[in-house]
Amino acid sequence: MRNKWQHTWKLNTYITKQIHTRTVKAWQAIRNWGFISLFLAGVSLSIFMSACSGANVDKTGNTIANSGGDLNLTFVSYSVTKAAYEQIIPQFREKWKKEHNQNLTFTESYDGSGSQTLNVIDGLSADVVHLSLGLDIDKLVQTGFIQPGWEKEAPNNAIVTQSVGAIAAREGNPKNIKTWTDLTRPGVSVLTANPKTSGGARWNFLSLWGYVIKTGHDEKQALDFTSKVYKNVPVLPKTARNASELFFKQGEGDALLNYENEMILSKQKGEKFSYVVPDVNISIDNPIAVVDKNAEQHGTRKVAEAFVQYLYTPEIQREFAKIGFRPVNNTIAKELGSTFPKVKTLFKAEDLGGWNKIQQQFFNEGAIFDQIQAQKSSK
């Protein structure tokens, strides 16, 4: 931040000195050359001032895109979407160039959803965010980066991708892991990411908790069940992608909890394993939003909004589906319905009280997840 401030200060100082120099030269022109020279000096000063004001500078010292010139869009998302956007972003750039005759570049960032939220708050200048859960978008609302009502600014309440929870097991499933309950068995090593940094890990936690509640049991039983699963979790990687790498690349764990789309993508990459989508499952709803504060400063609102809308088109929903996301476009969902296993009981975060209640009950400092970890450490 200090370097950015110094950059802005130096630029302002440079402009001030140049204006001062031009002004002095203008007065010299009055003294030495008379009215005509003054006119020419004034024209020179006006051109210089226009040039300076044309390339506006934001508070971080970055140049704001001018209308009609090339544009850069800063896009921030959670780690498991990267494979999809490697295909989608070039298509949008080509479309934008064709329709607007304007070159568009993307600055992209992928990491755990919770970490990305903090990164934006701390200065990662995102124009658009696609995060794992609505709670993270709400944090950007609370800090003034996104205006309230963001969920009404895009189709489907701004949910752009969907998935469900899945369990991966070693090839041939030697430990016969088929249900959430199997994860509680002694000797079954389970991999899942850290809910403090990963949105995917929060969905995993809620899948376990919600499974107990949705099968007719109470919260005490849900706590006991979830604690037994986490007792079998030896490490908590930062992101869902990190957890996948530990399981597939380093051979750790007997079971991996992750998005269904991560399982499908791993299969496409040639990984050898078994996986199951449990019958009682959570709808993993991933939202997208324009970061109003940054888009206004950068002059990128028009292209940011166009990019968001583009992600809901049939062709791009098919792109998401290719790597395992369940389409949110109803037509494409019906078209590809046979691609995905049916889930008998599908519940949502709202069924567990909504994200504000979920955060307070499970993931705040000292809440249920911390209590489970503390109990685990004491044994």
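Helices here are DSSP runs of H or I with at least four residues, numbered from the N terminus. In this predicted model, the place of Thr226 is in helix 7, which spans residues 219-231. Thr226 has 0% relative accessibility and therefore counts as buried, the limit being under 20%. Apart from neighbours within four places in sequence, Thr226 is in contact with Phe205, Leu208, Trp209 and Ile372.

**Overall make-up**

The chain contains 15 helices and eleven strands. Of its 379 residues, 49% are buried. Among contacts in the chain with a separation of 6 or more, 73% are between residues 24 or more positions apart.

**Helix 5 and what follows**

Helix 5 covers residues 134-142, and its buried residues are Gly134, Leu135, Asp136, Ile137 and Leu140. After helix 5 comes Gly144, with a positive phi near 85 degrees.

Positive phi values also occur in residues other than glycine, including Asn156 and Asn173. Asn156 is found in the loop between helix 5 and strand 4 (159-163), and Asn173 is in the loop between strand 5 (165-170) and strand 6 (190-191). The table sets out their values.

| Residue | Phi | Relative accessibility | Class |
|---|---|---|---|
| Asn156 | near 55 degrees | 39% | partly exposed |
| Asn173 | near 50 degrees | 17% | buried |

**Aromatic pairs**

A pair of aromatic rings is described by the distance of the centres and the angle of the planes. A search of the whole structure gives 25 aromatic pairs. One of them joins Phe75 and Phe307, whose ring centres are 5.5 Å apart with 80 degrees between the planes, an edge-to-face arrangement. This pair links distant parts of the chain, with Phe75 in strand 1 (residues 71-78) and Phe307 in helix 11 (residues 301-310), 232 residues apart. Both Phe75 and Phe307 are buried.

Phe92 and Trp96 both lie in helix 3 (residues 82-100) and are four residues apart, about one turn of the helix. Phe92 and Trp96 are buried as well.

The residues of these two pairs belong to one aromatic cluster, formed by Phe75, Tyr85, Phe92, Trp96, Phe106, Tyr110, Phe307, Tyr310, Phe320 and Phe325.

**Charges over rings**

Arg170 lies over the face of Phe247, at 3.7 Å from the ring centre. Lys293 has its charged end over the ring of Phe145, 4.7 Å from the centre of that ring.

Rolling a probe the size of a water molecule over the atoms shows where empty space is left. In the whole structure, the search finds one cavity of 30 Å³ or more. The largest cavity has a volume of about 40 Å³. Its lining consists of Tyr78, Ser79, Gly112, Ser113, Ser198, Gly199, Gly200, Ala240 and Tyr259. By class, the lining of the largest cavity comprises three nonpolar and six polar residues, with no charged residues.

Terms used
Residues numbered from 1 in each chain as written. Predicted model: local features only at pLDDT ≥ 70, side-chain atom pairs only at ≥ 80, totals over all residues. Heavy atoms only, no water. Phe/Tyr/Trp six-rings, centres within 6.5 Å; stacked < 30°, edge-to-face > 60°. Helix = DSSP H or I, 4+ residues; strand = E, 2+ residues; numbered from the N terminus. Buried < 20%, exposed > 50% of the residue type's maximum accessible area, 1.4 Å probe, protein only. Lys NZ or Arg CZ within 6 Å of the ring centre and 35° of its normal. 1 Å grid on protein atoms, 1.4 Å probe; cavity = no way out; pocket = protein on both sides within 12 Å on 5 of 7 lines; lining within 4 Å. Points joined across faces, edges and corners; volume = space filled by probe spheres on them. Nonpolar A, V, L, I, M, F, W, Y, C, P; charged D, E, K, R; others polar. Contact = heavy atoms within 4.5 Å.
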